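User: Please take a close look at one part of this model for me, the strand pairing. Then tell me what sits around it.

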Amino acid sequence: MNLDNLRNIAILIDHTNLKPYATDEDMKQLCEEAKENHFRMVAINSSRTAYCHALLEGTDVHVGAAISFPLGQTDTAVKLYETETAIREGADEIDYVVSLSDIKNGDWYKVEDEMRRMTQLCHSHGALLKVIFEICYLNEDEIIHLSRMARDVGPDFIKTSTGFASSGATVEAVRLMKAHCGDHVKVKAAGGIRTWQAFRAMVDAGAERIGTSSGLKIMAEAKKELNL
């Protein structure tokens with residue numbers, strides 16, 4: 001992927017503020033920064049969707065709502081309701097967390113059924129869907145199984161992490177996910193990506209979207225290194 005100009009870098013960034021104590025002023029700042037830098041999306045808790053949509057309406061920045069965040073421990077019906085509400089309030093993209101307990105129980109049918117229903121709902125409204133794995137709690141076989149499931153179901157992205165767990169994205173996990181999700185599903189890396197060097201490593205490994213709260217820092221470092 002060509003990272004030789006700031007615009008190409010910016011459109012890979014999901015500019016993130018998922019802090020539970022974020023204020024309206026924090027959301028306004030997030031959206032202003034996203035507009036100024038032409039980031040691809042603001043990643044926010046779903047309750048902030050309508051507010052951020054109003055701030056970003058008419059711009060090239062998407063509103064991305066996090067669903068069942070950060071644990072994924074809500075019933076599928078609740079996830080679908082939260083998703084539909086967020087889309088109605090202006091979300092262009094949805095990042096939802098899979099149920100790790102269902103995975104650990106080996107209830108793959110339930111995990112796939114939820115992924116399929118979430119994908120169908122989002123796509124029926126023209127919204128993108130990202131499926132958050134939370135890789136630090138999964139073994140390699142589980143990551144491969146989920147990636148192949150996504151290949152068959154067809155969400156837009158599979159995503160490494162919430163950024164709220166014990167650790168976040170790794171280059172190895174991005175490569176593993178990309179190797180098994182097929183050509184039509186993309187990989188988003190998130191969690192602990194705070195430098196231009198880390199950003200570039202994730203993109204080189206196959207990530208086509210980066211979730212980070214350090215977007216401004218990454219852009220400044222990229223500008224300096226690339227002499228832009």
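Analyst: Strand S5 (residues 128–132) pairs with strand S6 (residues 157–159) in the parallel sense, over three bridges. Strands are DSSP runs of E with at least two residues, helices are runs of H or I with at least four residues, and both are numbered from the N terminus. Two strands pair if DSSP finds at least two bridges between them. Ile132 has Lys159 of S6 as its bridge partner.

This is a predicted model: local features need pLDDT of at least 70, side-chain atom pairs count only at pLDDT 80 or more, and totals for chains, interfaces and linings use all residues. Residues are numbered from 1 along each chain as its sequence is written, and side-chain values use heavy atoms, with hydrogens and water left out.

Now step back to the whole sheet. Eight strands form a closed barrel with parallel pairing, in the order S1-S2-S3-S4-S5-S6-S7-S8. From one strand to the next, the twist averages 25°. Helix H10 (residues 215–226) packs on the sheet and touches S1 and S8. Contact here means heavy atoms within 4.5 Å. The direction of H10 makes about 135° with that of S1. Axes are lines fitted to C-alpha atoms, for helices over the stretch in contact, and angles run from 0 to 180 degrees between N-to-C directions.
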